[in-house]
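Visitor: I'm new to this one and would like a close look at a single part of it. Could you take me there slowly and then show me what surrounds it?

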Amino acid sequence: MFSAPTLRKDLVVGWSSVPSDTHRMRNEDAFLVMPDRGFFGVFDGMGRYKDADIAAQIAADEVQETLAPLAPDASDEAVADTLRDAFFAGDAAIRAEAHSRSGAGNMGTTGLVAVVRPAGVDTWSILLGWVGDSRMLSLPAGSRSLQTLTLDDSVLRLHASSAKQARKYQTALGMVTDSRHLSLRERDLFLERHVLTQAVGTSLRHVHVAAHLLNDGDLLILTTDGVHDNLTDREITAILRRPRSVGDASKQLVLAARVRSRDREHVRAKPDDMTAIIVRLGG
């Protein structure tokens, strides 16, 4: 599904989502787009579990319901607490659904949610909550440098001595186009980068929360791993920097990822559901 941009006075939003070639009639990604409230989210159902699409949608619905009463002038601490509550509500609802489905086994999903609010004349407060490996990226206005604002719940954390080192691994693997240039350790990490250490609905222990201040003209980009696993950070940046609407940009990200996923000779190629949301701050 491809979107037309949604315009709020101070935000322009575009989004696109397509199912994997392996199950074209069922998209196991879900998303949340509420520009009037500044709520945005992506949820990637875990394909190795049955009913992954249902798990992702349950999480999206629970997050929306939990965030709905949040006051526009709530403190950052209140927003952070509400984000945590939203993820644990999703976790409980998914577990209950799995229990009710005879023989369904586990159901799980990643989750990434942003609460976007004005913080000044030309600045914006971004409160993030996430579990899993869906990512929040930002591209400052006029910059050529894409920034990743989240750190995956992946085996990279287990192999790193600190969060800082895990981020270095994540950044390095986001640029890989030829595995022949990797060390054996780096190659193992690249091949295992999709293995999660926690998810909503299964093994949820901790909701990551972070706050950022961004400026008018900056782009926020939410992606499921079907996009950022198939495309390098450079390729994502190149698409975002071309003059086009955020609706077109989100569509191009997904289309480029889909083309890459079908290139069986490329080291990054991976069939998957693909979702991208792009928010331009300041309209």
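How much space lies in the largest cavity?

Guide: Happy to. One thing before we go in: this is a predicted model. About 60 Å³ of space lies in the largest cavity. The structure holds one cavity of 30 Å³ or more, so that is where we'll start, because a cavity is a place where a 1.4 Å probe fits but cannot get out.

The residues that line the largest cavity are Arg-135, Asp-152, Leu-156, Tyr-169, Gln-170, Leu-173, Gly-174, Arg-193, Asp-229 and Arg-268. Sort that lining by class and you get five charged residues, three nonpolar ones and two polar ones. If you'd like a landmark, look for helix α4, which spans residues 163-173. Helix α4 gives three residues to the lining of the largest cavity, the largest share.

About 320 Å³ of space lies in the largest pocket. It is lined by 17 residues, and those closest to its centre are Met-46, Gly-47, Arg-48, His-194 and Asp-225. By class, the lining of the largest pocket has eight charged, five polar and four nonpolar residues.

Let's step back and take in the whole protein chain. You can pick out eleven strands and eight helices in it. Its radius of gyration is 18 Å, close to the 19 Å that the globule rule gives for 283 residues, so the protein chain is as compact as a globular protein of that length. Draw a box along the principal axes and the C-alpha atoms fill roughly 50 × 50 × 40 Å. Of the 283 residues, 54% count as buried.

A few single residues are worth a stop. Trp-15 sits in strand β2, which covers residues 11-18. Its relative accessibility is 16%, and the cut-off for buried is under 20%, so Trp-15 counts as buried. Now find Val-246: Trp-15 and Val-246 are 231 residues apart in sequence, while their C-alpha atoms are 7.8 Å apart in space.

Ala-74 is another one to find, in the loop between α1 (52-67) and α2 (76-100). Ala-74 is buried too, with a relative accessible area of 13%. Leave aside its neighbours within four places in sequence, and Ala-74 is in contact with Val-79 and Arg-117. Ala-141 lies 67 residues from Ala-74 along the chain, and their C-alpha atoms are separated by 27 Å.

Last stop: Ser-203, in the loop between α5 (184-191) and β9 (208-215). With a relative accessible area of 36%, Ser-203 is partly exposed. Check its backbone as well: phi of Ser-203 is near 60°, a positive value in a residue other than glycine.

To go back to where we began, the largest cavity holds about 60 Å³ of space, and Tyr-169, Gln-170 and Leu-173 are among the residues that line it.

Methods: Residues numbered from 1 in each chain as written. Predicted model: local features only at pLDDT ≥ 70, side-chain atom pairs only at ≥ 80, totals over all residues. Heavy atoms only, no water. 1 Å grid on protein atoms, 1.4 Å probe; cavity = no way out; pocket = protein on both sides within 12 Å on 5 of 7 lines; lining within 4 Å. Points joined across faces, edges and corners; volume = space filled by probe spheres on them. Helix = DSSP H or I, 4+ residues; strand = E, 2+ residues; numbered from the N terminus. Nonpolar A, V, L, I, M, F, W, Y, C, P; charged D, E, K, R; others polar. Rg over C-alpha atoms; globule rule 2.2 N^0.38 Å. Buried < 20%, exposed > 50% of the residue type's maximum accessible area, 1.4 Å probe, protein only. Contact = heavy atoms within 4.5 Å.
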